[in-house]
Amino acid sequence: MKELNIRSNEAGQRLDKFLGKYLNLAPRSFLYKMMRKKNITLNGRKASGGEKLSEGDIVRFFLSDDTIEKFSGLQAAPSPNRTKNVRLDIIYEDEHTIFINKPVGMLSQKAAKDDMSAVEYLTDYLLNTGQITQEELKTFRPSVCNRLDRNTSGILSAGKTLAALQQLSEMFQVRSLQKYYLCLVAGRIEERSRISGYLTKDARANKVSLHCEASKRTSRIETEYRPLSSNGNVTLVEVHLITGKTHQIRAHMASLGHPIIGDYKYGNRRINEQYRRDYGLSSQFLHAYRLCFPECTGALSELSGKTLTADMPELFEKICQDTKITY
């Protein structure tokens, strides 16, 4: 018999969802059968699976150790050899949340089974600092709440607890967070503007297209930007991302005739090659540099009214200095 005491990160979800995480290789039919036969109980009583768990609840498994082991397919923690040389640039951390300055080249989340992403590096960091255990990872995994392209740097937000993860995710979904980016674009921009349109994504090509009118396949996008500094050839722009769709900033700026420097998908190849030769720039000059929080309660109360800022990569700073761009 195995007994589990429900912790805060496991509370608030249905019992069957919890069981599906803990015995993640077991068929759902098996889990319901075990509950019907009282081989899995909640607080000493027969359960249906629809019960909502509370902190302190006790789930008992009247199953053999072999059966539990067979159906517990916990994903292994990242190998120390794969994470030891990665030092996270932590901008802010409290009991519930952590924010890192993601470098160019790091995935926000896995794209393939063997990928290493910010989620794996964060998990390893939390294990090494004793903030989470292997046992807890069976039923709750910290995760990032926003995504940045592999070759976009800047602030990644993550929840270390279920409550924070849910609150942060909702903030990004309802857009109560203000998100600002820095990008270096071709040409001179002299005035701030707010632009909107409609976007469709070609998943196969991983590229988006912009349209003036809505259709069943389009998503509305809205972008606000203001120039910070220009040398006549390029302009450093602050972008307020009002909606947050795939490649929105990159496609929107390119549609204005001001593509982001280093962006080979939507940009100007001739200009990009010049910056590759002169500086070794192999990614788009796009950086998620500021997050502004509204009034927050609960797990996010420490973030209420705060503004978090991420320094630009050293290469971006050098390009700005050499091209006499100030910010």
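Which hand does the crossing of α1 and α2 have? I looked it up in this predicted model, and the crossing is right-handed.

**Entry: the helix pair**

I noted the limits of each helix. α1 covers residues 15-22 and α2 covers residues 28-36. Two packed helices are described by the angle between their axes and the distance between those axes. For α1 and α2 I read an angle of about 120°. Their axes lie 10 Å apart. Angles of 65 to 115 degrees count as roughly perpendicular and those over 145 as roughly antiparallel. I therefore logged α1 and α2 as oblique to each other.

Next I listed the residues that meet. From α1 come Leu15, Asp16, Leu19 and Gly20. From α2 come Arg28, Leu31, Tyr32 and Met35. I sorted the residues of this contact by class: 5 are nonpolar, 1 is polar and 2 are charged.

**Entry: the cavity**

Rolling a probe the size of a water molecule over the atoms shows where empty space is left. I asked how many cavities of 30 Å³ or more the structure holds. The count is 1. The largest cavity has about 40 Å³ of space.

I wrote down its lining: Leu4, Asn5, Arg7, Glu10, Phe18, Tyr22, Glu135 and Thr139. Two elements, β1 (2-5) and α1, each give two or more residues to this lining. By class, I have 3 nonpolar, 2 polar and 3 charged residues around the largest cavity.

**Entry: the pocket**

I then turned to the largest pocket. Its volume is about 1000 Å³. I found 41 residues in the lining. Nearest the centre of the pocket lie Arg147, Leu148, Asp149, Thr246 and His247.

Which element supplies the largest share of the lining of the largest pocket? I found that β14 does, with 4 residues. β14 runs over 286-292. α6 (162-174), β9 (178-186) and α7 (248-255) also supply at least two residues each.

Methods. Residues are numbered from 1 along each chain as its sequence is written. This is a predicted model: local features need pLDDT of at least 70, side-chain atom pairs count only at pLDDT 80 or more; totals for chains, interfaces and linings use all residues. Side-chain values use heavy atoms; hydrogens and water are left out. Axes are lines fitted to C-alpha atoms, for helices over the stretch in contact, and angles run from 0 to 180 degrees between N-to-C directions. Angles under 35 degrees count as roughly parallel, over 145 as roughly antiparallel, 65 to 115 as roughly perpendicular and the rest as oblique. A crossing is left-handed if the near helix is turned anticlockwise from the far one by less than a right angle, and right-handed if clockwise. Contact means heavy atoms within 4.5 Å. Ala, Val, Leu, Ile, Met, Phe, Trp, Tyr, Cys and Pro count as nonpolar, Asp, Glu, Lys and Arg as charged, and the others, Gly among them, as polar. On a 1 Å grid over the protein atoms alone, a cavity is a set of points where a 1.4 Å probe fits but cannot get out, and a pocket is an open set with protein on both sides within 12 Å along at least five of seven lines; lining residues have an atom within 4 Å of a point. Grid points are joined across faces, edges and corners, and a volume is the space filled by probe spheres set on the points.
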